[in-house]
Amino acid sequence: MTTKPETEARLLVVDDEPNIRELLATSLRFAGFDVVAAGTGNEALRAAEENQPDLVVLDVMLPDMDGFTVTRRLRSSGRHIPVVFLTARDETSDKITGLTVGGDDYVTKPFSLEEVVARIRAVLRRTRGLEEDESAVLTVGDLELDDDTHEVRRAGVMIDLSPTEFKLLRYLMLNANRVLSKAQILDHVWEYDFGGDTGIVESYISYLRRKIDVAPEPDEPGKQLRDSWTPMIQTKRGVGYMLRASNPG
């Protein structure tokens, strides 16, 4: 007799587009979550009452009421369930409103499923804490990023990054082996804090390469160790950038 494995957390997924709702629900179940789905705001409120989810993945645009209203009603009923918003809109006001009404994070469509899962787990860690062995460390090849300590190492060598470089590297690592456009990077890394010039992405990719790939300066500390590193950040001309694990040896 087989026993059903314990799920990581119970999620409520709310989206009025059946294809997106089913894709998210299926992917999150595959990632180890118990998932309940709803297509409207009223369905979401009923499902939250009946199923007591640990977190809600909530589309902003719903046919009967927007996701902000759903969140306000959950909060006013005394339910402080963490909320990760899904939005197809890119206006600064939407993002600020989502965080103001009590949202814990947001993901802009189109999104990668890996990023949605990573953000859900990060919010759960912050709001209720997962099991002690839940790792806050992202690993791609010999590159490690620790979300809790904000430390980055490659092959055990500590790499000093600015807050923006850290955020950029984290986004690349969440989407390892996937090409990201400059616009996607700008939206997820700079969010509403920057005016929208994709040139800043090129500049920071360049800064990051100097630190996590082989550095050309002969007098740079640790250069002998770095000389054995192969480049991880790749440019796909006309498309964007991708972080790929270096080949060992």
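The axes of helix H2 (residues 41-51) and helix H3 come within 10 Å and cross at roughly 30°. That angle is under 35 degrees, so H2 counts as roughly parallel to H3. The crossing of H2 past H3 is right-handed. On the H2 side, Gly41, Asn42, Ala44, Leu45 and Ala48 make the contact. On the H3 side, the contact is made by Val70, Arg73 and Leu74. All of this is read from a predicted model.

H7 contributes Lys182, Ile185, Leu186 and Trp190 to the contact. H8 contributes Ile200, Val201, Glu202 and Tyr204.

The table sets out the two pairs.

| Helix pair | Axes come within | Crossing angle |
|---|---|---|
| H2 and H3 | 10 Å | roughly 30° |

Next, the strands. An open sheet is formed by 5 strands in the order S2-S1-S3-S4-S5, with parallel pairing. Its edges are strand S2 (34-38) and strand S5 (105-108), each of which pairs on one side only. From one strand to the next, the twist averages 20°. In general, strands of a sheet pair through backbone hydrogen bonds.

Within this sheet, strand S1 (residues 10-14) pairs with strand S3 (residues 55-59) in the parallel sense, over 4 bridges. Val14 has Leu58 in S3 as its bridge partner.

Helices pack on the sheet. Helix H3 (residues 67-76) touches S3 and strand S4 (83-87). The direction of H3 makes about 165° with that of S4. Helix H5 (residues 113-127) lies across S1, S3, S4 and S5. H5 runs at about 175° to S5.

**Two residues**

Arg119 lies in helix H5. Is Arg119 buried or exposed? Its relative accessibility is 8%. The cut-off for buried is under 20%, so Arg119 counts as buried. Leaving aside neighbours within four places in sequence, Arg119 is in contact with Asp105, Tyr106, Val107 and His188. Of these contacts, Asp105, Tyr106 and Val107 fall in edge strand S5 (105-108).

Gln234 lies in strand S10 (residues 233-236). Gln234 has 26% relative accessibility and counts as partly exposed. Which residues does Gln234 touch, not counting those up to four places away in sequence? They are Arg209, Gly240, Tyr241, Met242 and Arg244. Gln234 and Asn177 are 57 residues apart in sequence, yet 9.6 Å apart in space, C-alpha to C-alpha.

**The chain as a whole**

The secondary structure of the protein chain comes to 9 helices and 11 strands. The chain has 249 residues, of which 45% count as buried. Its accessible surface comes to about 13,000 Å². Carbon and sulfur atoms account for 49% of that surface. Take the contacts between residues at least 6 apart in sequence: 56% of them join residues at least 24 apart.

Definitions and conventions. Residues are numbered from 1 along each chain as its sequence is written. This is a predicted model: local features need pLDDT of at least 70, side-chain atom pairs count only at pLDDT 80 or more; totals for chains, interfaces and linings use all residues. Side-chain values use heavy atoms; hydrogens and water are left out. Two strands pair if DSSP finds at least two bridges between them. Helices (H or I, at least four residues) and strands (E, at least two) are DSSP runs, numbered from the N terminus. Axes are lines fitted to C-alpha atoms, for helices over the stretch in contact, and angles run from 0 to 180 degrees between N-to-C directions. Contact means heavy atoms within 4.5 Å. Buried means under 20% relative accessible area, exposed over 50%, partly exposed in between (1.4 Å probe, protein chains only). Accessible areas come from the Shrake-Rupley method with a 1.4 Å probe; for residues, only the protein chains shown count as cover. Angles under 35 degrees count as roughly parallel, over 145 as roughly antiparallel, 65 to 115 as roughly perpendicular and the rest as oblique. A crossing is left-handed if the near helix is turned anticlockwise from the far one by less than a right angle, and right-handed if clockwise.
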